[in-house]
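Work through these exercises with the structure open beside you. Try each task before you read its solution.

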Amino acid sequence: AKPLVIGFSQVGAESEWRTANTVSIKDAAKKAGVTLKFADAQQRQENQVKAIRSFIAQKVDVIAFSPVVESGWDTVLREAKAAKIPVILTDRDVNVTDKSLYVTLIGSDFVEEGRRAGRWLVDYAKKTPGKVLNIVELQGTVGSAPAIDRKTGFEEVTKGNAQLKLLRTQTGEFTRAKGKEVMEAFLKAHGKNINVLYAHNDDMAIGAIQAIEEAGLKPGKDIVIVSIDGVKGAFEAMMLGKLNVTVECSPLLGPQLMQAAQDVVAGKPVAKRIVTEERVFPAEVAAKEFPNRKY
Amino acid sequence: MSGATMAGAVRPVLELSGIHKAFPGVKALSDAGLRLYPGEVHTLMGQNGAGKSTLIKVLTGVYTPDAGTIVLDGRPVSPTSTLEAQQLGISTVYQEVNLCPNLSVAENIFIGRYPRKLFGIDWATMRRDAEVLLRQLEIDIEVTQPLSHYPLAIQQMVAISRALNISAKVLILDEPTSSLDEAEVQLLFRVLRRLREQGMAILFVTHFLDQTYAISDRITVMRNGEREGEYPCSALSRLALVNKMVGAPAAPEPAEAALQAAQVAQGETLLATRALSRKGVLAPVDITIHKGELLGLAGLLGSGRTELARLLFGADKADGGSIAIGGRDGVFATPRDAIAAGVGFCSEDRKHEGAILTLSVRENLILALQAKTGMLRAIPLKRQQQLATDYVKWLGIKTASIETPIGTLSGGNQQKVLLARWLATDPKLLILDEPTRGIDVRAKQEIMDYVTTLCRKGLSILFISYELPEVLRCSDRMVVMRDRKACGEYRRGELDEQSVLQVIAGGGEQGAPA
Amino acid sequence: MSAAQMKPADPPRASSEPANAAPRAGFGSLLGHPLAKPLLALATLLLLDLIFIPGFFTLELRDGHLYGPLVDIVNRAAPLMLAALGMTLVIATRGIDISVGAVVALSGTMAAMLIGGTMVVNNGVPEYVANTPMALALAAALGAAVLCGAWNGVLVAGLKLQPIVATLILMVAGRGLAQLLTDGQIVTVYYQPFFFLGSGYLLGLPFALWIVAAVLLVVGLLLKKTALGLFIQAVGINPVAARLAGVRTATLIFFVYVFCSACAGLAGLMIASNIKSADANNAGLLLELDAILAVTLGGTSLAGGKFSLAGSMIGALIIQTLTYTIYSLGVPPEVNMVVKSIVVFAVCLSQSSSFKKLWKGRA
Amino acid sequence: MNAVLNSARALPGAPYFTSVVTVVLLAVLLVAGGAAYPGFLSWQVMLNLLIDNAFLLVIAVGMGIVILSGGIDLSVGSVLALTTMVAAWLLGSAHWPPAAVIAAVLVIGAVFGAAQGAMIHFFQLQPFIVTLAGMFLARGLCYLISIESITIDDPAFVAISQMQVPVLGGFLSVGALIALLLLAVTIWVSRRTAFGRAVYAIGGNEQSALMMGLAVGRTRILVYAFSGFCATLGGVLFAFYMLSGYGQHAQGTELDAIAAVVIGGTLLSGGYGYVAGALSGVLVLGTIQTLIAFDGTLSSWWTKIVIGALLFLFCVVQRLLSARVKT
Ligand SMILES: Nc1ncnc2c1ncn2[C@@H]1O[C@H](COP(=O)(O)OP(=O)(O)OP(=O)(O)O)[C@@H](O)[C@H]1O
Ligand SMILES: Nc1ncnc2c1ncn2[C@@H]1O[C@H](COP(=O)(O)OP(=O)(O)OP(=O)(O)O)[C@@H](O)[C@H]1O
Ligand SMILES: [Mg+2]
Ligand SMILES: [Mg+2]
């Protein structure tokens, strides 16, 4: 039979995580014998819309994409529907009035990731009852979905906990360099008062770790560090005892996406939400898990 | 003096008095003034830097005066922009052509006052009107072409027609003739006379005494930013006029004096071209320049003199023929090659090809020498200052200091700095393309003196000027160009002005301008 | 040719000392000095910090390192200062280089990929081994940057493309190349000596600062001791006239772009070394805009011509101080940009003489 | 004469030839794409070029006018984002009627632009810096409204957004039609009105324009006001296109617009070029993107490299051809 053609519009290549995501999808497509039409949107929604339009024009079998933004998809998805091409979302949700515009969403739940980070911290605080922990937060890029959701989830869990006090929050734009720069400023302003760092991704945490070391403090001990993603670098840091925990956010959506696409085309029922399996990795398990990490 | 009635009863249409204007480091105007009557051509005269252009700019709202009053038609006015001045009925052609090179000729004439029709600007009418206007000045060009396609002279005429088209009470022309040839000047004068008859007041700035006496009714002389005096043209002899401008008795025709001793023997050849040409701009030319010789290049506008000069300097690359100089034979690919071979070139377009306006006099002056010396071997600052100071003194350059930006100097003084730029490189051959354009009598005299002195010391000069008498007087030899080729070579004394004009105009026909 | 025979005829022999050589330095001219305004802006920012950020001016010696907010600021500003340095010369020739950020990413990636390195534990003693000798890797990274500059230079000076499009090409493709090298991954470096570049200390001061000082010194000397500065300005103000005066305009423009990229390359090494990794996606993102901003805040006109290296350095410090201030004051991240823009407006206005006139007129 | 001729020679080709060359090259690009990828040359794909780039076209038209006047406006992308944000907020939270919302944002944009123009003119600041600060400001203001994206679900707005206007068998969006209309009007303005010509005059030589008695200040402020207006109109089209307001919309669009204008044959130093060049420039950029999307095998970084390479190829061929035609 003719191989299945999937048009996939990726957000961009703005982070290691995203690259791992791309690689996973490409590899899975190759393995499944699917022809993949890949388009990079360079982090811009309009480019994504253009790509989807061109997929429609090329009459692909399935359109999949990781939306840059939640809103604003009605028009183009309607066009896809009119062309009878099923749409699968990966990684992030869209905000459309008509839920039938897409078949399923495969991906992680950023709010849940934030919650998990929060829960870990709440548990940690319980070990030293009565002690107030001052938290500084390194946010992701202002306005980006993961930054908003990870903040929301974290707040949900930690708010009202008398032991946890948010001292400062600032954006580190998801990068090591900014993470380090902002952490330096935090340290100058609050010095030893900082007990906990919550970083929205591992990269910022790694940057911050360097800043903490250069300030003569011990990351992971003087300042407890909680971060999200679970990239290799985070595991290395955990093995050296510089990072306390990372909440996994798996980019390896490729196999699930191929499966879903094949099911949709074959007419099999597909769940509206396919959640990727994700875990929390505290420093204690880092050494054991490290060899298994793919990204 | 035709038709100009100047009964004492007539009120001046424009009167400026007690005008003061200072720039950082320079007092450009102090107690300057001017009276302008309807129906007269009034010439404003003064040396370079006397403040003529500044006075005009104050009058037309470009600069705000520090003190003083302007009275127009009996009412005090103080225009703050050229637009306001135009609306008051003052139409101006400024010294440097101030038009937009990217717009068409027609548009440059009509911008701000477009003919309109239902859906905006009426281009067809504009084009027709522009052609009519230019035809009055006997110019027949394609008016839809961008202005930058045309030579400076045409641009000047366009600027004039623009000013003429503004129906004004007062018309101001700041050195409009500096890039025009004799015939064009006569044309302009005919138009001016007609306007005078119609009662317009015309203020005219020039450095040419001939032109002054040919057209003006009255003369105001400025010196050092002040009004020296106002005289009816008929009551002021040329010598007296020059004296008043200079402020001291003028030397009797120094260039002439220098030339008396000048009788160069035919020296050895410095440079020779063989069939030097460039497609579309210059037909093959053979000329020879000897050591210590002043070779004049005469011809009408557009006859190809500038292009020949540019090829000799490598500013444009020749695509045929060769230049032999100092043992090397070939064409110059870049100005650097020419400079290395000992050639210097003062361009006719001072503003775009000469002066680097926001750099200081010193920096402008040493630029070519520095380029010749090489980038890595900077001339020590002390030495630069020394050079600049010397040349400023020697050429009598009027500047607040050697660190003043050259752009703030008056036109004539800029030209002197550029001359110094090349003299500083100690060239073997100096090409001067219209070096005396826009320069006052004394400075012109001075420059020609330096030039002839330099020649006597062994420097060769290729001299291009729109002023035929000047070329005739100075050159040891003269080459006449016509239609982009050289068409005659004459030794000193072989020709007089009338016969040269005939050669220039084409053979023996009666082509000399009126 | 010796200087003595440079004058042709006999101008009145120079008996006089250089007249009016330099304007006398008085208080009035001090205020009128082109650097006065950017300095004043920086001083104002620092004053605000002094008032609102406790301990802003504290400096302490820790393990022989100077340590404190001020050190952080200059340290962080170092890459920007380098980029602004190169950009100043480009702008002086009437050009612009928007590929700076991409070159930063490329050179950082090159170095990090080549050095890479691993930690080997030998008898309990950790040792760092580089994949490629560090000197070679650094040379390769800088070489890549210089190549980028040459590319820009050829497009601008040779093909006469408009600088903004010419450098746009590399801006887009350069980062792509960097990502191609790394496969989009962040390359972490495990080689101690490399870190010295971006986070080492020499004589108590950050090593990065010494690099900037050295480059500044070399360029400053070059401009002072050679005619480079004069030629660059001449080309920026009137390229036609400069060419006719014998200046090699095309060559000059070419090398200015090469220099700009080289500076960017060095900045890239610094950034990579500082975060101990190369992030092809994000390193130097939008650095070009900051560099241009620094140059203009320093008083150099984007129309080319007169320029001030010291001004650009001050401009870079203004930007970094502002960033630091925003972080330290606890400004909510969503307000950052508004604050930044307002300060930029204010600094610009404070530098505008027309604004001052208006202000005085009202007062 | 030679003086001027020479300076004209120094310009990268005459704008007229450059524009023609651009159009020819665009056609070549399209045909090449059609040969390489099936379905590429279909009518609807061509129309999609217009639909997908309508907002960019509008912004490029405004940018074209600014650049012709010798300036630059870096704030347009952010102003676009701000527009979507304000519009979404007014529609969603304040429940204004769509017409009022559109009118309001257009006025805001024009005022924002005029304010920038006034700063540039009265305080003699550099356009690059003023509009760069304006870019930060507009982006920052977005986040003050909300850091999250806001969905636009006003029924009238949605209806306009999804309207398909049939054109010879294909369809165009309302936004694309508005963009084409704006282009036509602006071409007319640039050719047939005193304002349009004053823009060229200022770009050609500001000093001369002043000396010729043109109202340089007023024109300049109007130019930036127009660019601000175009940025907000672009924002409205973007809001139609995306049905959402978001602070991160259209990052870097200002560079796309500048590139489009320059590729369309306009000289960045001002004075030379045509407003219509914005269309060819935008179509070139759009075609490059479509080509890459149709190829569909490039990884993210190869996308960037290929865009750079195509841009390079285009600019160099354009430059060489127009230099050749000129002589
Ligand atoms: N913008 C300016 N800034 C500083 N000084 C100026 C400026 N404009 C003119 N000056 C100075 O004012 C004086 C008068 O200059 P102006 O141009 O009026 O002379 P001019 O009589 O027109 O000379 P020319 O015959 O050479 O054109 C000169 O010394 C000149 O250097
Ligand atoms: N009236 C004109 N209309 C159009 N082109 C002209 C005109 N006059 C000159 N040119 C052009 O100028 C070129 C040669 O002029 P060039 O400048 O070398 O002559 P020139 O004798 O130095 O004249 P000028 O006095 O203008 O400097 C020719 O190519 C010619 O086409
Ligand atoms: Mg004058
Ligand atoms: Mg000539």
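**Exercise 1. Classify Thr269(B) as buried or exposed, or in between.**

Step 1. Thr269(B) has a relative accessible area of 44%.
Step 2. Apply the cut-offs: buried means under 20% relative accessible area, exposed over 50%, and partly exposed in between (1.4 Å probe, protein chains only).
Step 3. Thr269(B) is therefore partly exposed.

Before going on, note the ground rules. This is a predicted model, where local features need pLDDT of at least 70 and side-chain atom pairs count only at pLDDT 80 or more, while totals for chains, interfaces and linings use all residues. Residues are numbered from 1 along each chain as its sequence is written, chains are lettered from A and ligands numbered from 1 in the order in which they are written, and side-chain values use heavy atoms, with hydrogens and water left out.

**Exercise 2. Find which residues coordinate the magnesium ion (ligand 3).**

Step 1. Look for donors, which are N, O and S atoms within 2.8 Å of the metal (3.2 Å for Na, K and Ca); water is not among the atoms, so sites may look incomplete.
Step 2. Ser53(B) (OG) and Gln95(B) (OE1) coordinate the ion, at 1.9 to 2.0 Å.
Step 3. Ser53(B) belongs to helix 1 (residues 52–59) of chain B, and Gln95(B) to the loop between strand 6 (90–93) and helix 3 (105–110), so the pair ties together parts 42 residues apart in sequence.
Step 4. Ser53(B) has a relative accessible area of 18%, so Ser53(B) is buried.

**Exercise 3. Describe chain C, then the chain pairs.**

Step 1. Chain C has 15 helices and eight strands.
Step 2. Of its 363 residues, 59% are buried.
Step 3. Take contacts in chain C between residues at least 6 apart in sequence: 76% join residues at least 24 apart.
Step 4. Five pairs of chains are in contact, and chains B and C share the most contacts.
Step 5. Chains A and B do not touch; their nearest C-alpha atoms are 37 Å apart.

Conventions. Helices (H or I, at least four residues) and strands (E, at least two) are DSSP runs, numbered from the N terminus. Contact means heavy atoms within 4.5 Å.
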